[in-house]
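Please consult the sequence and the coordinates alongside the text.

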Amino acid sequence: MEKNDFYLPPDVLSNLPDSVLDDILTRLSLRDAVRTSILSKKWRCNWCRLPQLTLDRRLWKTNEDLKSPTIGFTNIVYPLLALHTGPITKFTLDIPYLETCPNIDNLIHFLSRNGIQHVVLKPPNGIRYKLPSSFFTCLRLRHLTLQRCLIRPPPVFTGFDGLISLELSDVMISSEFLGSLISHAPLLEHLVLNHSNNSNTIDISAPKLRSFVFTGNIHFIHLENVPLLSHVSYKPIAFSVEAEHDLANIFESIPSLENLCWNHYHVHDVDTGPAEVIPTRLPSALNCLKRLYISWITLGEFLEFSFALCLTRSSSNLEEIVIKVYVDPDEEYFEPVPRDAVDEIPASFSDMTFNHLRTVKIYGVAGTEAEMQLIMVLLAKSPALVRMVIKPGGMEDKKSLKVLAEITSFQRASSKAQVVYNVD
């Protein structure tokens, strides 16, 4: 046998470009990335230059290991950081199931001196971590996600002017500072506020903001300068109206709104006031709105049904409507939809046509007269409609078949409209 028959090719993994090696390592957990050091001499220190570090449960086999004095958080993390070289651009801490929060102040200080641009902090559940002063010197931050944190900045702090995305959930922060933090981030494009405990108005001025997700009391949100905002998701914990302008205030400052998601889940069993104050249409039409998604709304409740109709009538350029109905099995409505309001539905749409509407999905249909009138109007007023999906909810088979027969008989403005009655 010739000597050349025993020739072995060079170590392909060791000869990969550094950029490829880094990409491989960033796809692994930090625990597995460190383990690659045994592959070869060249791999021994590859993990030490990782620009992205994630500290989560995968570093420890069990939650008890996290609490152990010998293999706990401090004993694992700080030696790793001592060996690390180069900048750290992204750092994630996600340890929700600890009883106490480890001291990470020194860790934050370390990051502040190593070019950190993306921070995700999720300390243990039920514990709020007070951000140290060194955190506010991370002036290269572009993406920030904080959960269960206490934010009290030093007086000299003016903001993160390079911030592109900001997500805050269950944090303690003053309304004044939150408004200041947002207004001092001129590049901010994405904002998430899970701010259910706030009881003061939050002024939001963000000229480049494009998406906004909010959970909390919607009446404490004041959008004053958001000309590019196109994607909005509201999860209100309370929804009450005392006058027509209350509803108008929620939408009048979003001229570029294209996608609206309204999740009504958290406002059930809340005294929502009289339905008469809901206008037929908003004072300023939502002319840019293309996709309307409403979930957990009770169409048997007069105010909630009026609200859904108001948004629909105010959005003549819609391309898609999705409504997920909450079906009350006891039908104990605060104010049921009265007969005269049901009879007025067709007339209230008489002056409009949905020329761009192609898809309608309504889930949880109970076969009420109000629901059937809405379905009939959408079929009759949508010449471009391609598909309508109806999924019944809370009905016996006999009634469900009757509803299907009635919907099938409705006039359709579009010859291509396909009605799918999904009983699965």
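The account below moves from the chain as a whole to one pair of helices and then to one helix of that pair.

The model is a predicted one, and the secondary structure of its chain comes to twelve helices and 18 strands. Of the 424 residues in the chain, 49% are buried, and among contacts with a separation of 6 or more, 66% join residues 24 or more positions apart.

Two packed helices are described by the angle between their axes and the distance between the axes. For helix H11 and helix H12, the axes come within 10 Å and cross at roughly 30°; because angles under 35 degrees count as roughly parallel, H11 and H12 are described as roughly parallel to each other. The crossing of H11 and H12 is right-handed.

| Helix | Residue range | Residues in the contact |
|---|---|---|
| H11 | residues 369–380 | Met372, Ile375, Leu379 |
| H12 | residues 397–408 | Val403, Glu406, Ile407 |

By class, the residues of the contact of H11 with H12 comprise five nonpolar, no polar and one charged.

Turning to H11 itself, its twelve residues should span 16 Å at 1.5 Å a residue, and its end C-alpha atoms are 16 Å apart, which agrees with that expectation. Nine of the twelve residues of H11 are buried, so this helix is largely enclosed by the rest of the structure. The buried residues of H11 include Met372, Ile375 and Leu379, the residues that meet H12, and also Ala370, Glu371, Gln373, Leu374, Val377 and Leu378.

Note on methods: Residues are numbered from 1 along each chain as its sequence is written. This is a predicted model: local features need pLDDT of at least 70, side-chain atom pairs count only at pLDDT 80 or more; totals for chains, interfaces and linings use all residues. Side-chain values use heavy atoms; hydrogens and water are left out. Axes are lines fitted to C-alpha atoms, for helices over the stretch in contact, and angles run from 0 to 180 degrees between N-to-C directions. Helices (H or I, at least four residues) and strands (E, at least two) are DSSP runs, numbered from the N terminus. Angles under 35 degrees count as roughly parallel, over 145 as roughly antiparallel, 65 to 115 as roughly perpendicular and the rest as oblique. A crossing is left-handed if the near helix is turned anticlockwise from the far one by less than a right angle, and right-handed if clockwise. Contact means heavy atoms within 4.5 Å. Ala, Val, Leu, Ile, Met, Phe, Trp, Tyr, Cys and Pro count as nonpolar, Asp, Glu, Lys and Arg as charged, and the others, Gly among them, as polar. The expected span of a helix is 1.5 Å times one less than its number of residues. Buried means under 20% relative accessible area, exposed over 50%, partly exposed in between (1.4 Å probe, protein chains only).
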